[in-house]
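Visitor: Could you walk me through this model, one feature at a time?
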Amino acid sequence: AAAALACGDPNAPEAIFSNYADTLDLYALNGAPINAPTAIHLIDGTGGNAAVPVGLSFRFDVAVDIDANGRPVLYPVRAVAAPFVGKHQVGVRRTTDPFESILRAPEGGYTRDSLAVLSVGEVVLLESADPEACNPLIGGFIYAKLVVDSVRLADRRVFVRLTADPNCGFRSLVVPGVPTD
């Protein structure tokens, strides 16, 4: 027993994916060309393509739109998909901390499954219970930070920077590398 304790929890999950950072060019959900990237799926960023279209599978974490005042809006998947579709929870947490200074996703304070109207330059943290990343029987979340860099109203596009830790239960937002916490 002492040897097992000295080596840490043998049942603790291990991170297998490297954290990643990306700059995304997304179309607004309303008025987008067919199959244009209008959403973010955090686990897909491990393959280099977190920007995805919103399709009938609703395989994303948050979709983006632009409201009547030209502000970007984040829609968690449950705010877009019908309730009977049974999609995962996504939380958004606002922060006044600069994007670069956030090295770890905080606990608590995430508003789940509600749209968030943002301002250009605003930073938010995302918490996703995506079953592709986290076993729904065990629970846990994947985390990311996002900042809206700009909105281009002429062609209804939103430009964001994103850093994500696609490993279930890990909160590190430091890139590059596989997280340990």
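Guide: Gladly, and a definition comes first: buried means under 20% relative accessible area, exposed over 50%, and partly exposed in between, with a 1.4 Å probe and protein chains only. This is a predicted model, where local features need pLDDT of at least 70, side-chain atom pairs count only at pLDDT 80 or more, and totals for chains, interfaces and linings use all residues. Residues are numbered from 1 along each chain as its sequence is written, and side-chain values use heavy atoms, with hydrogens and water left out.

Visitor: Is Arg 156 buried, exposed or partly exposed?
Guide: Arg 156 sits in the loop between β10 (142-152) and β11; strands here are DSSP runs (E, at least two residues), numbered from the N terminus. Its phi is positive, about 50°, although it is not a glycine. With a relative accessible area of 27%, Arg 156 is partly exposed.

Visitor: And Phe 58, buried or exposed?
Guide: Phe 58 is placed in the loop between β3 (51-52) and β4. Phe 58 also has a positive phi of about 50° without being a glycine. Most residues other than glycine have a negative phi. Because its relative accessibility is 15%, Phe 58 counts as buried.

Visitor: How many residues of strand β5 are buried?
Guide: Strand β5 covers residues 72-76. The strand is mostly covered, and the buried count is 4 of its 5 residues.

Visitor: Which residue in β5 is the bridge partner of Ile 66?
Guide: Two strands pair if DSSP finds at least two bridges between them. Strand β4 (residues 62-66) runs antiparallel to β5, joined by 5 bridges. Their hairpin has 5 residues between the strands, and Gly 70 takes a positive phi near 80° there. In β5, the partner of Ile 66 is Pro 72.

Visitor: Which residue in β8 is the bridge partner of Leu 74?
Guide: β5 also runs antiparallel to strand β8 (residues 116-117), with 2 bridges joining them. The β8 partner of Leu 74 is Ala 116.

Visitor: Where does Pro 176 lie?
Guide: The peptide bond from Val 175 to Pro 176 is cis, with omega near -5°. Most peptide bonds are trans. Pro 176 lies in the segment after β11 (157-165).
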